[in-house]
Amino acid sequence: MTIQEKIQKPLTPPEYQVTFGEFIGIGPNGNLWVDGCDVADLANRYGTPLYIISENQLRQNYRAFRDAFRAHYPDVEILFANKSNNGLAIRHIMNSEGAGGDCFGAQEMYMALLAGTNGRTLVLNGSNKQTEELELAIANGLCVNIDAMDELDRIDEVARRLGVVAEIGIRLKLDLEPLTGRMGVAMHGPGTLKQQSDSTKWGMTREQTAEIVKRAQAMPSVRLKETHFHLSRMSNDPADFAVMAREMITWSGYLRDHTGWIPPCIDIGGGWTFGKWYGTGPNSQMDDQNAPTAEDYARLCCAAIKDEAAKLGLPLPKLRLEPGRALSGPAGVAVGRVGAIKEGATRKWVNMDLSTNHLSWAAVLDWYYHAVPVVDAAAEPTEMVDLVGPLCNSDEVGKHRRMPALARGDLVAFLDTGGYTESSAARYNAQLLPATVLVTGSHAEVTTEREQLKDAIGRFRVPAHLLAASFAPQD
Ligand SMILES: *Cc1c(COP(=O)(O)O)cnc(C)c1O
């Protein structure tokens, strides 16, 4: 047990009329509440569009994952995928839970370090790491997961220059033969799970991995720490994850036989889903209460790891995993305010100030976010509407939604939007990025300031010859 865990308070969810999550539901006045705060109050106080994150829900989601895996495995570390929500406050919450993290790029790593995260609990992933990135990672003790043949030499050079020992992992290109006939959730294009996995830029072959290990063994400034794989969002079936986890161990057997090195740690990445009774996730294959839980994943993956290790006579490695959306997703709500309402011959459009800039997965991945009215949240739906944003494209945030009659000024909330919303928000049509409010019990506080016009235009420059020309008198 870590120091953080010893001082952790147990989480006590409020009582709701209808529960959307432990800390999100319909409160005593019939409105949508996040923990102890009425979402209508928050929207009036902080403006819209608004992201709201529940601190306690985030902690709850983390602990559910941690405890599920710990119940099935002796040595587990949970690394939060920082990219799913880069907020500094989010990282501080994860630190206080004792969670590590997965970083991509110098900025994400810098932000995690700025939040005080111990570099030893962070990994740096990436397919084309810059020298600046390697320096920042190695100087701060991060494990660098190698994903290119020339990366080892570059790491060795930096480590020797800094006079430290660099910890490394290797990202694998698993064979995944058992997934040859398996279809995924079609978020990664057509093809079977194996074809999808094979077609990504990620991972090193067996021969390449063995070569990197052999060369690293001869480098005093480099310490081999783990193998890594990330199945991504290709599948929501925990059995597919168990195939992947087993193959990590098969690969360890190959490395033992070819190099003598047995990975003391395997990092099985992210891609873990979550489901809700009202449905969320990829529109074509929505996750509901039948979606796997952390417990399902843990039971199947840990059994596969133990079984394969026993077969091959390998010691059980430390197990790391990198959940992102499963932790951050259900911790957040996005709120927009209704403006113009238009009725067509066959449709009704409800315009909001919240757009696919703010929920980009709705546009890019055809993601379904459940929408509820904020006031009188349990009101019976009476009509079918398209919830749209202000952008110049069709900007459908919620297509064909059954809602009660909405009027200008009403508030609509989209649930389970805590992951990949703020961190992938865009400024298309020169829209300003929303604020984020963190709710803790009945306390709310801004953790991301709303963007101002100066933030959006401040980077633009006009060359001298255009400055004068655009004001020249016309003939
Ligand atoms: C994106 C990513 C994750 C997190 O994925 P989720 O689907 O949010 O769980 C974890 N590890 C790596 C390497 C990733 O690229």
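Guide: Let's start with α5 and α6, which are roughly parallel to each other (angles under 35 degrees count as that). This is a predicted model, where local features need pLDDT of at least 70 and side-chain atom pairs count only at pLDDT 80 or more, while totals for chains, interfaces and linings use all residues. Residues are numbered from 1 along each chain as its sequence is written, and side-chain values use heavy atoms, with hydrogens and water left out.

Visitor: At what angle do α5 and α6 pack?

Guide: Angles run from 0 to 180 degrees between N-to-C directions, using axes fitted to C-alpha atoms. Here α5 (residues 105–114) and α6 (residues 131–139) pack at about 25 degrees, and their axes are 9 Å apart.

Visitor: Which residues make the contact?

Guide: Contact means heavy atoms within 4.5 Å. From α5 come Gly105, Ala106, Met109, Tyr110 and Leu113, and from α6 come Glu132, Glu133, Leu136 and Ala137. They split into six nonpolar, one polar and two charged.

Visitor: Now for Thr417: is this residue buried or exposed?

Guide: Buried means under 20% relative accessible area, and exposed over 50%. Thr417 has 2%, so Thr417 is buried. You'll find Thr417 in the loop between β21 (411–415) and β22 (435–440).

Visitor: What is Thr417 in contact with?

Guide: Leaving aside neighbours within four places in sequence, Thr417 touches Gly329, Gly332, Val333, Ala334, Leu359 and Tyr369. Look at Ala334 too: its backbone nitrogen lies 2.9 Å from a polar atom of the Thr417 side chain.

Conventions: Helix = DSSP H or I, 4+ residues; strand = E, 2+ residues; numbered from the N terminus. Parallel < 35°, antiparallel > 145°, perpendicular 65-115°, else oblique. Nonpolar A, V, L, I, M, F, W, Y, C, P; charged D, E, K, R; others polar. Buried < 20%, exposed > 50% of the residue type's maximum accessible area, 1.4 Å probe, protein only. Polar contact = N/O pair within 3.5 Å; in protein donor to acceptor, adjacent residues only side chain to side chain.
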